[in-house]
Amino acid sequence: MPENSALNKMNVNKFQQDLVTWYEAEKRDLPWRRERDPYKIWVSEIMLQQTRVDTVIPFFHRFMEQFPTVESLAYADEEAVMKAWEGLGYYSRARNLQSAVREVAESYGGTVPADKDEFLSLKGVGPYTGGAVLSIAYGLPEPAVDGNVMRVMSRLLALWDDIAKPASRKVFEQAVRHVMYEKDPSSFNQALMELGATVCTPTSPACLLCPVQNHCEAFEQGVQRELPVKTKKKSDKKVRMGAVVLQAPDGTVLIEKRPKKGLLANLWQFPNVELPVGVNPRAALESFIQAEFGMTAQIQSEKSTEIIHVFSHLTWEIDVYIGTIELKSAKDRTKFVSKEDVETYAFSVSHQKIWQHVKGMEA
């Protein structure tokens, strides 16, 4: 990394000791921290991407009960995996994880490779996941640089590189390598993550409680609230949707499977369509059902509810309707399922909310 005056004057050994000693005393008791099994640590790291720790904990427990080993996940039915992941979002993570775990089972005898190049070659394993698993499970001195760590390092060393730019990651990886505690990379990397999650937070860093305050250049300069530099992303796109829960005369409900690629791939949903501006939602849905499924639907004139679902780059505003059909005509990727069985299928969060609303109306 470029010459850095803060790094040059830092007592690296004292910094390492202060950080790791604090971590050992104050770390949160998280289920994956009781593990050295690289498979379980790997699963936890994938779940933790873009998801809060408190949200992940129950999912991690349930997932490990169902898929406790590499082999159990590698050869599991994809529908079962997606159902176990339901509610965590970013579903491509689950598909990539299963694909990568299958390769571990078939090419590495079921043992997660400790070789950096081999592990990074697996589907869905990037530099952060690689560094986290290799350091925590195998004790290798590899940096694990996520948003928390970039924020901590930007303040410690007064690094003004924009953390929103992919090119900046190399700067922060090199910075972590310079201060890596090679005697215990596992505790060191987890300590940096923990510091960013609990003390060196985005908007109100608790500098007076920070175990490495004496080593922090941003605190010394009084610029800790100005760092890290992070450019704002473009405003999210809003899309208005219409969705309908359709019931057949025998009481079954029509669901369809999303395409194999793209947003929420392979998850189940209720029929839905993007609504053009100025078009009557009910009429648009009835036309869509006729064209897409070859069925005539009778949809209630008033929408039943509205669901708003926010993705990282997109917001769905979904008008939800209820309707009936006289004749069932299932096609590829569609099913008529009993109301009791709807929840055995993996739905996206927005469509889980739709079903909970409809189910609640009938209760």
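Colleague: What distance separates the centres of domain 1 and domain 2?

Modeller: This is a predicted model, in which local features need pLDDT of at least 70 and side-chain atom pairs count only at pLDDT 80 or more, while totals for chains, interfaces and linings use all residues. Residues are numbered from 1 along each chain as its sequence is written, and side-chain values use heavy atoms, with hydrogens and water left out. The protein chain is divided into domain 1 (5-221) and domain 2 (238-359), with bounds from an automatic or database domain assignment. Taken over C-alpha atoms, their centres are separated by 38 Å.

Colleague: How many residues of domain 2 are in contact with domain 1?

Modeller: Contact means heavy atoms within 4.5 Å. On the side of domain 1, nine residues take part; on the side of domain 2, the number is 15.

Colleague: How are helix 4 and helix 6 oriented to each other?

Modeller: Helices are DSSP runs (H or I, at least four residues) and strands likewise (E, at least two), numbered from the N terminus. Axes are lines fitted to C-alpha atoms, for helices over the stretch in contact, and angles run from 0 to 180 degrees between N-to-C directions. Helix 4 (residues 53-66) packs with helix 6 (residues 78-85) at about 160°, the axes being 9 Å apart. Angles under 35 degrees count as roughly parallel, 65 to 115 as roughly perpendicular, over 145 as roughly antiparallel and the rest as oblique, and the two helices are therefore roughly antiparallel.

Colleague: Which residues of helix 6 make that contact with helix 4?

Modeller: Helix 4 contributes F59, F63 and Q66. Its partners on helix 6 are A80, V81, A84 and W85.

Colleague: Which residues does the cis peptide bond join?

Modeller: The bond has omega of about 0°. Its proline, P228, is in the loop between helix 13 (217-221) and strand 1 (237-247). The residues joined are L227 and P228.
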